[in-house]
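Morning, everyone. Please bring up the sequence and the model, and we'll walk through a few parts of it.

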Amino acid sequence: MSISKNNNQEIWKTALGEIETKVPKSSYETWFKFPKTQGKQISEDCFLIESESVFISEYLEQRMYSVISDVLSKLLDKELELKFKVLGAPLHSEENTKNSLQDNNRLSLSLNSNYTFENFVLGASNELAYAASIAVSENIGKTYNPLLIYSDVGLGKTHLLQAIGNKLLEDGCKFYYLTCEEFTNEYIKAIRTNKTELFRNKYRNADALLLDDIQFLIGKEQTQEGFFHTFNSLHLSDKQIVITSDRPISSLKLLEDRITSRLSGGLVVDIQLPDYETRLDILKKKVLLKGIKIKQEILESVSNKLYHNIREMEGSLNKILALSELTGKELDIESVEELLGTTDTNSYFADPEQIILKVAKYFQIEISDLKGKSREQNLVIARQIGMFILREDSQMNLTTIGLLFGGRDHTTVLHGIRKIQADAATNQNLRRDLLAIRSSVINN
Ligand code: ADP
Ligand code: MG
């Protein structure tokens, strides 16, 4: 069978017309519109789609394969394999493609479409990180660069990073989202195949690099070197870099201080453990996303339990959903309590004395001083921090908290809590203290 050039162009244009009716207008404009893409049948059973950039090619292959394939098979009346490449680039044979750097380094567009800003619940614990992520995604390279998001595991770093990615995707920006592990594998491979130049160019051409879990670079000196160069060339040309880490940069112990100092040169935001209200809101959001109805009192009970992080709380929710599916009945609070363990042994920060103990330990002071009358500055702050954590995490009322702290009245408690709340918004060190104390309570 021979297919003329014109004929090919006709086919592809007709296909585009069909595709235009099947995908959102903005997607069509960004990814398909002629002459961004051109298509031709290159053999009996293979159709080649060429595009302006690697980025578009990879996007089409990963996200639009089935749409294109459906349209073409209807049009040509047969199933064809699709191949994608950049206009003018040589077409790799199957074997070559497998081994080529580009293929292996395919844009990790494996973004979870649920990880959006809309689906991210705002609370005092994460509002800075959220605001910074929004700012960055709306003005890449120009606001905070690099942006580093830091928290314990399971508190929403990946969610936020991918929310940035999903926004950039929508806006048609060129970016790479990948984990440091993927980055490392790719870099090692580039070295082994003498393709570090290609590696560098690839990232240099993007508008943004979103790199998840940088702690993975610890101990990998060669990759750190590669990371450093990539980082520099992007940073020098005002390309946006966003990085997540599950430990503070200072303890990352990355090769040479130069990396650490570059990272600290941008904005570092952290995510803390969410308070009760935020946990409840997150549960409600998750339930809504899953399209299921669960009684408010059950959600309240779930969000009132002891969790190390949100991921764990979602685990509880999934258990409940599984149970409800199994039994086919609407759940009552008793069966949920039984499933998740009683509130007695499991309630969130159940033991206030534990919190007080941990606060004292953290600041290396005596419990008696913490509860005592001294107005010494460091004691006052430690006391206020203790009150704040008790209030946020146990929903204990102000009077009871006052009693625990040596019989102070509720206005004193309220004043202390407000003070910490206000300071935490701007004081990184304070936020770090809070995080450390709360972690120590949980990981008791
Ligand atoms: P990390 O990367 O910090 O380990 P993830 O981003 O994977 O954590 O978050 C774990 C889970 O908790 C995800 O399902 C995420 O959607 C959810 N989650 C965390 N924080 C929030 C939030 N503020 N709103 C909604 N979901 C959240
Ligand atoms: Mg993560």
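**A strand and a pocket**

Strand β6 and strand β7 (residues 240–245) pair in the parallel sense over four bridges. Strands here are DSSP runs (E, at least two residues), helices are runs too (H or I, at least four residues), and both are numbered from the N terminus. Two strands pair if DSSP finds at least two bridges between them.

Some ground rules. This is a predicted model: local features need pLDDT of at least 70, side-chain atom pairs count only at pLDDT 80 or more, and totals for chains, interfaces and linings use all residues. Residues are numbered from 1 along each chain as its sequence is written, chains are lettered from A and ligands numbered from 1 in the order in which they are written, and side-chain values use heavy atoms, leaving out hydrogens and water.

Back to the strand. Leucine 209 stands opposite isoleucine 241 in β7. Strand β5 (residues 175–179) also pairs with β6, again in the parallel sense, over five bridges. There, leucine 178 stands opposite leucine 211 in β6.

How many residues of β6 (residues 208–212) are buried? Five of its five. Buried means under 20% relative accessible area; exposed is over 50%, and partly exposed lies in between (1.4 Å probe, protein chains only). Both faces are covered. Ala208, Leu210 and Asp212 are on one side, with Leu209 and Leu211 on the other.

Next, the second largest pocket. Its volume is about 410 Å³. A pocket is an open set of points on a 1 Å grid over the protein atoms alone, where a 1.4 Å probe fits, with protein on both sides within 12 Å along at least five of seven lines. The volume is the space filled by probe spheres set on the points.

The lining has 26 residues; each has an atom within 4 Å of a point. Nearest the centre lie Gly154, Leu155, Gly156, His159 and Ile310. Which elements give two or more residues to this lining? They are α8 (157–170), α13 (276–290) and α15 (310–327). The largest share, four residues, comes from α13.

Stay with α13. Lysine 286 is found in this helix. Is lysine 286 buried or exposed? Lysine 286 is buried, with a relative accessible area of 12%. Lysine 286 touches His159, Glu314 and Leu317, not counting residues up to four places away in sequence. Contact means heavy atoms within 4.5 Å.
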